[in-house]
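Subject: Structure for your review

Dear colleague,

Please find the structure below, followed by an account of what was found in it.

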Amino acid sequence: MTTILAYFPSPPRGVWHLGPIPIRAYALFIIAGIVVALLIGDRRWAARGGERGVIYDIALWAVPFGLVGGRLYHLITDWRTYFGGGGAGPGAALRIWDGGLGIWGAVALGGVGAWIACRRRGIPLPAFADAVAPGIVLAQAIGRLGNYFNQELYGRETTLPWGMEVFYRRDPSGFVDVHSLDGVSTGQLAMVVQPTFLYELLWNVLVFVALIYIDRRLNIGHGRLFALYVAGYCVGRFCIELLRDDPATHIAGIRINSFTSTFVFIGAVVYVMLAPRGREDPASLGADRTAVEEEPAPEPATELAAVASGAAGPTGHDADGLAESAETTGDAEATGHADAHEAPGDDAAEPVDDPGDDRADEPEPTDAEPREPETES
């Protein structure tokens, strides 16, 4: 029985030079993933009732924070590569374009940047996280292609038909190594390994599809969709870490990312169970406070028209009050005319000496119609 092997090769190089400018595949895929995440997040944010373009404003805070956080996590968990004996040194620790971003640190510190931006905009952070969660996991899938070009994040040697061929690379200084990021393939096969970067890429795409489906079928919000993304990613990452064989920091013989996946998964599940059910009111997402504060006041003519319309058509107790007031005024006028000759000095009514006098037709002042104040001389 003949076994057909379908090994696929790793790329011959991960860096191209445009004159003195290096074009790195890793950086290109990271940027492409960020752009895709922003486009998806902006559309989803608007569908939930938010304002278009807000995602990009928040990204100005979240993305830089995320890049710094991702690099810090990588340095902390793989510090021997840079600061141990024979390490690359502090200078290499700053060369983020050479690869080395930990997703845990990127999400954690990126969340801090997003929180700052959301507070400035008056937006609830959990609602924002739910909107961008599917885009983030899809961006991670795209970023894994950069690991493929860097010939990194692979698993143990294998004879599986879909194994990946890893070649030796020669860097510009002539040094030959499997892990040379700036090198070019020598064509000499080093080993055939499990393509764990591909496993994670496919798993992330599956999580992306699941999140979109769940969000459409269920009325989920308050950060619970983001927590489901975190939990789903952790499950896949934990299993994939068991297959990897590239250099990494271990604790008690277990890769540190396995511990991180376990603890973060537990936290995400607890959040899903405790977070409020339902989804945020769209009114809490769409209005920009600055726009509300700058809204012009109503025109005086509009206010007068409203008052006039209210006075023209009283209803309920107001109508009863006006009717009662009118009856009281009529009684007071009748009494005033009847007792005018009996109480000539009464201030409430003037005596009528001449029936033809025009003043007899004028209403007498009552308590309902206050007098004009007398002017002191």
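Helix α8 covers residues 224-241, 18 residues in total, and spans 25 Å between its first and last C-alpha, close to the 26 Å expected at 1.5 Å a residue. (Helices are DSSP runs of H or I with at least four residues, numbered from the N terminus; the expected span is 1.5 Å times one less than the number of residues.) This is a predicted model, in which local features need pLDDT of at least 70 and side-chain atom pairs 80 or more, while totals for chains, interfaces and linings use all residues. Residues are numbered from 1 along each chain as its sequence is written, and side-chain values use heavy atoms, without hydrogens or water.

Because 13 of its 18 residues are buried (under 20% relative accessible area, with a 1.4 Å probe and protein chains only), α8 is largely enclosed by the rest of the structure.

Helix α5 (residues 103-121) packs against α8 at about 170°, the axes being 13 Å apart (lines fitted to C-alpha atoms over the stretch in contact, with angles from 0 to 180 degrees between N-to-C directions). The two are therefore roughly antiparallel (over 145 degrees). Their contact (heavy atoms within 4.5 Å) involves I103, W104 and V107 of α5 with F226, Y229, Y233, C234 and R237 of α8.

Helix α2 (residues 54-77) meets α5 at about 150°, with axes 6 Å apart. That makes α2 roughly antiparallel to α5 as well.

Yours sincerely

Definitions and conventions
Buried < 20%, exposed > 50% of the residue type's maximum accessible area, 1.4 Å probe, protein only. Parallel < 35°, antiparallel > 145°, perpendicular 65-115°, else oblique.
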